[in-house]
Amino acid sequence: MTSRLLITGTDTGIGKTTVGSVIAAAFRRRAIDVGVIKPVETGCATGPDGQLVPADALQLRWFAGRSDPIDVVCPVRLPEPLAPTVAARRAGVVLETARLVAAIEAHGATCALQLVEGAGGLLVPVAGADSFADLAAACDLAVLVVVGNRLGCVNHAALTVRCARAAGLRIAGYVVNSLRPDPDLAMQTNAALLAELIGPSIGELPWLGALICNDAERQRLAELGERHLALDALLG
């Protein structure tokens, strides 16, 4: 049975793709077939061939070590860095929840562990008024919350977890992700407070900086995943 996770976050720019890359690299080293999919990616730059380039999806695919066509890994690519519903509307693209669900389901049938990366947070609208929470419910995805470790993240994390529970979603856990190399007092104390409020995390990742898609980096991330994350909690 495939383990299927929606990687969501407490905000945008808090390291969902980084955390997803660490998890993908670690399970790949365990010889577990990890599939990655980002159903909608916004803020895509235009490549030399005139096609939109989904940088996050390409990074995830690299660290998972799979060769799925980019149209499978990222079915919808949009140019403006906005919520998918707005970015699609401005690009003249019609996003349909049923189409995204079908893409996720078809992809999930090909791998032992499926990582589905959202955009922004759990309630960001992805197709019309349907949010990533609705997409998770439709696809029966467990939710993994990436908490960007900074001042204010305690409130954002608690709200996200409560929202997921209220929606009847399964929560696989949360990861506390460092957003800078020099932690301030809030960053030093957030993890302990979060554990008191919403239970222990599955791990904390140090500041990793910009990732490079090469074999040495994949090895580094795999080792970091084994060292810092309770990976077995994500299976089953």
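The model is predicted.

**The sheet.** Begin by selecting the strands E2, E7, E1, E10, E11 and E12, given here in their order across an open sheet of 6 strands with parallel pairing. Strands of a sheet pair through backbone hydrogen bonds. Next, colour residues 34-37 (strand E2) and 203-205 (strand E12); these are the edge strands, each of which pairs on one side only. Viewed across the sheet, the twist from one strand to the next averages 25°.

**Strands E1 and E7.** Select residues 3-9 and 113-121, which form E1 and E7 respectively; 6 bridges join these parallel strands. Within this pair, show Leu5 and its bridge partner in E7, Leu115.

**The largest pocket.** Now display the surface and turn to Thr12, Gly13, Ile14, Lys16 and Asp56, the closest to the pocket's centre of the 26 residues that line it. The volume of this pocket is about 530 Å³. Helices H1 and H2 (55-64), together with strands E7 and E11, are the elements that each give two or more residues to the lining.

**A charge over a ring.** Finally, select Arg218 and Trp62. The charged end of Arg218 sits over the ring of Trp62, at 4.3 Å from the ring centre. A search for aromatic pairs elsewhere finds nothing to select, as the structure holds 0 of them.

Terms used:
Residues numbered from 1 in each chain as written. Predicted model: local features only at pLDDT ≥ 70, side-chain atom pairs only at ≥ 80, totals over all residues. Heavy atoms only, no water. Phe/Tyr/Trp six-rings, centres within 6.5 Å; stacked < 30°, edge-to-face > 60°. Lys NZ or Arg CZ within 6 Å of the ring centre and 35° of its normal. Pairing = 2+ DSSP bridges. Helix = DSSP H or I, 4+ residues; strand = E, 2+ residues; numbered from the N terminus. Axes fitted to C-alpha atoms, helices over the stretch in contact; angles between N-to-C directions. 1 Å grid on protein atoms, 1.4 Å probe; cavity = no way out; pocket = protein on both sides within 12 Å on 5 of 7 lines; lining within 4 Å. Points joined across faces, edges and corners; volume = space filled by probe spheres on them.
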